[in-house]
Amino acid sequence: MASTAVGVGLAQERLTRGSWLRILHGRRDGGWGRLERMKPRLAWLGLAVVVGSGCVKNFWPGNPAARSANDALIFHAPFDGTADARKAAGDGRIHHGDGWESPRKTRPGLPPGNVVRIDPGAGVRGDALRFDKKITQLVGFRVPGNFPVPARDGQGTVSFWLRVTPDEDIEPGYSDVIQVTSKAWDDAAFFVEFTKDEKPREMRLGIYADKRVWNPDGRDWNKMSLAEKPLARVERPGFRRDKWSHVAFTWEHFNTGRADGMARLYVDGKEAGTIGPRVQTFTWDADNAVMMLGLAYTGWMDDLRVYNRALTAREVGALHAEMQ
Ligand SMILES: [Ca+2]
């Protein structure tokens, strides 16, 4: 039995090798004519392999959460080779301006001086955006088309990665890694900040509705209790400059006129805090709104993404996992 099996195996091998030899060296088996006739079939085979591999990559059933999130992606700046966005429905160019306050006049490009720059190979993938030191200039992207302007029952998601040891790298004072508004930090604004007084510094998500809505009596913010403020706190974020940390926040049911607006903060794919339910009425002049980055920040940022709906906890988890 064994010798028969070996014999059959050898015959199969000869047949296989012979077939390939005939394909590779068509001249031996009747000239180039046969090979020439096979070219269209080989071309179709090659095309099928290329298309097929793309399909497997895009439609691999193992990660449906990441796939469904991608359908909602409207803005993506991977900071690879350029600070400009790779995907943007609006102006994808990075902009800079003289200051963070309204009105926000900006010009395309990073600020002069090379203190905010692309750091080759430093990213969670590829390159990263590096803030060498605290600056007071504005760096960011114009909002129209790139960020879901809060509309009736509005929602959305922002995701990015940070590499920083906040207590050592960031100068004293508040530092907003991101702040998105057309008005001011406490008037229809989204932000993620590191605090100035706590040790270790806390990371907070702040989502402030129109000031007349969340603070109709004009009370002194400094005299309010923390519980009254629209903040989600992470008391010990544990961020370090030698590892990348993922931050994402979602919001939904904004501009309903009801106290049902919810926001969620995620760190490394896990929910870390919530804001709400509250009345989240946002009124923006979108043309004056900017997605500002690295306000008084020193450290790295990578892979900034914006989605036009609130991703689920599972989708945020997948987003974190796929970049690890
Ligand atoms: Ca990158």
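How many bridges join β9 and strand β10, and in which sense do the two strands pair? The sections below answer this question and then describe the surrounding structure.

## Overview of the model

This is a predicted model. The protein chain contains six helices and 17 strands. Of its 324 residues, 36% are buried. Among contacts in the chain with a separation of 6 or more, 67% are between residues 24 or more positions apart.

## Strand β9 and its two partners

β9 and strand β10 (residues 187-194) pair in the antiparallel sense, over seven bridges. Within this pairing, T181 stands opposite A189 in β10. The two strands form a hairpin, with two residues between them.

β9 also pairs with strand β16 (residues 290-295), again in the antiparallel sense, through five bridges. Here V180 has M291 of β16 as its bridge partner. In general, strands of a sheet pair through backbone hydrogen bonds, either parallel or antiparallel.

Is β9 enclosed by the rest of the structure, or open? Strand β9 covers residues 175-184, and eight of its 10 residues are buried, so the strand is largely enclosed by the rest of the structure.

## The eight-stranded sheet

These strands belong to an open sheet of eight strands with antiparallel pairing, in the order β4-β3-β7-β16-β9-β10-β11-β12. Its edge strands are β4 (106-108) and β12 (231-234), each of which pairs on one side only. On average, neighbouring strands of this sheet are turned by 20 degrees against each other, with direction ignored.

At one end of the order, strand β11 (residues 203-208) runs antiparallel to β12 and is joined to it by four bridges. In this pair, L205 stands opposite A232 of β12.

In soluble globular proteins, nonpolar side chains tend to be buried together. The largest nonpolar core in this model has 71 residues, and those with the most contacts inside it are L162, I178, V180, M292 and M301. β10 supplies the largest share of this core, with six residues.

Leaving aside neighbours within four places in sequence, L162 is in contact with V177, F239, S245, V247, G299, W300 and M301.

## Helix α6

Which residues of helix α6 (residues 313-323) are buried? They are E315, V316, G317, A318, L319 and H320. These buried residues pack against α3 (64-70), β8 (154-163), β13 (245-254) and β14 (261-267).

## A residue in a loop: A286

A286 is found in the loop between β15 (270-278) and β16. It has 14 C-beta neighbours inside 10 Å and therefore counts as partly exposed: a residue needs 20 or more to be buried, and 12 or fewer to be exposed.

Although A286 and P144 are 142 residues apart along the chain, their C-alpha atoms are separated by 6.1 Å. Not counting residues up to four places away in sequence, A286 touches V143, P144, V149 and S182.

## Confidence in the prediction

The protein chain averages a pLDDT of 87, and 81% of the residues score at least 70. Over residues 1-32, however, the pLDDT is below 50, and this stretch has nine contacts in the model beyond near neighbours in sequence.

How values were computed: Residues are numbered from 1 along each chain as its sequence is written. This is a predicted model: local features need pLDDT of at least 70, side-chain atom pairs count only at pLDDT 80 or more; totals for chains, interfaces and linings use all residues. Two strands pair if DSSP finds at least two bridges between them. Axes are lines fitted to C-alpha atoms, for helices over the stretch in contact, and angles run from 0 to 180 degrees between N-to-C directions. A nonpolar core is a set of buried Ala, Val, Leu, Ile, Met, Phe, Trp, Tyr and Cys residues joined through C-beta atoms within 7 Å. Two residues are in contact if their C-beta atoms, placed from the backbone, lie within 7 Å. pLDDT is the predictor's confidence in each residue, from 0 to 100.
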